[in-house]
Amino acid sequence: MQLTMTVNGEEVTAEIEGRLLLVHFLRDHLALTGTHWGCDTSNCGACAVWLDGEPVKSCTVLTAMAAGHEVRTVEGLEQFGELDAIQRGFMECHGLQCGFCTPGMLMTARALLDLNPSPSEQEIREAISGQICRCTGYATIVRSVQWAAAEEAGARTSIIDAGTP
Ligand code: FES
Ligand code: FES
């Protein structure tokens with residue numbers, strides 16, 4: 001079947017088999033290998049991407065279901081050559097070790113901050129509860145998300161201050 005979708009802001013048209021999972025379409029057809037495939041049981045969350053702005057496990061979505069919709073992957077987080085605050089947070093606070101879980105963590109955490117710019121530790125832990133990290137441990141991941149939240153709050157404050165006469 002032929003389908004068209006938007007991936008990281010670009011329109012993509014492809015001929016695929018109806019049973020193809022979105023994770024494999026992204027990795028094998030579009031070479032967007034930042035999205036990882038970590039399990040066969042929908043448990044690890046390494047495959048998380050956004051479908052119309054909502055994080056989904058791309059190993060549970062048929063590519064055909066994304067036809068006509070907007071997909072964003074970890075490759076689409078960086079904007080105009082600048083890393084997103086959540087990416088910088090993971091760098092600053094050592095939120096990764098092997099990095100396998102990181103793309104999914106980043107996509108879920110970015111979605112959380114878009115919805116709730118100042119989440120509590122509990123809210124961060126709940127948001128990433130669908131992701132498994134086997135090596136870093138969650139403390140630095142939570143700290144990384146908190147760093148990004150603080151960074152963005154600081155940026156908002158400077159914009160407001162700059163506008164104050
Ligand atoms: S690959 Fe593990 S949840 Fe999708
Ligand atoms: S950084 Fe290795 S699994 Fe999370």
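Modeller: Helices are DSSP runs of H or I with at least four residues, strands are runs of E with at least two, and both are numbered from the N terminus. In these terms, Ser42 of this predicted model is found in the loop between α1 (22-29) and β3 (48-51). The phi angle of Ser42 is near 60 degrees, a positive value in a residue other than glycine. Ser42 counts as exposed because it has 11 C-beta neighbours inside 10 Å, and the cut-off for exposed is 12 or fewer.

A positive phi is also found at Asn8, where the value is near 50 degrees and the residue is again other than glycine. Asn8 sits in the loop between β1 (2-7) and β2 (10-15). With 19 other C-beta atoms within 10 Å, Asn8 is partly exposed; a residue is buried if it has 20 or more.

The account now turns to helix packing. Two packed helices are described by the angle between their axes and the distance between the axes. For helix α3 (residues 102-115) and helix α5 (residues 138-163), the axes come within 11 Å and cross at roughly 40 degrees. That angle makes α3 oblique to α5, and their crossing is right-handed. On the α3 side, the contact is made by Met105, Ala109 and Leu113, which meet Ile141, Val145, Ala148, Ala149 and Glu152 of α5. By class, the residues of this contact comprise seven nonpolar, no polar and one charged.

Key:
Residues numbered from 1 in each chain as written. Chains lettered and ligands numbered in written order. Predicted model: local features only at pLDDT ≥ 70, side-chain atom pairs only at ≥ 80, totals over all residues. Axes fitted to C-alpha atoms, helices over the stretch in contact; angles between N-to-C directions. Parallel < 35°, antiparallel > 145°, perpendicular 65-115°, else oblique. Left-handed = near helix turned anticlockwise from the far one by under 90°. Contact = placed C-beta atoms within 7 Å. Nonpolar A, V, L, I, M, F, W, Y, C, P; charged D, E, K, R; others polar.
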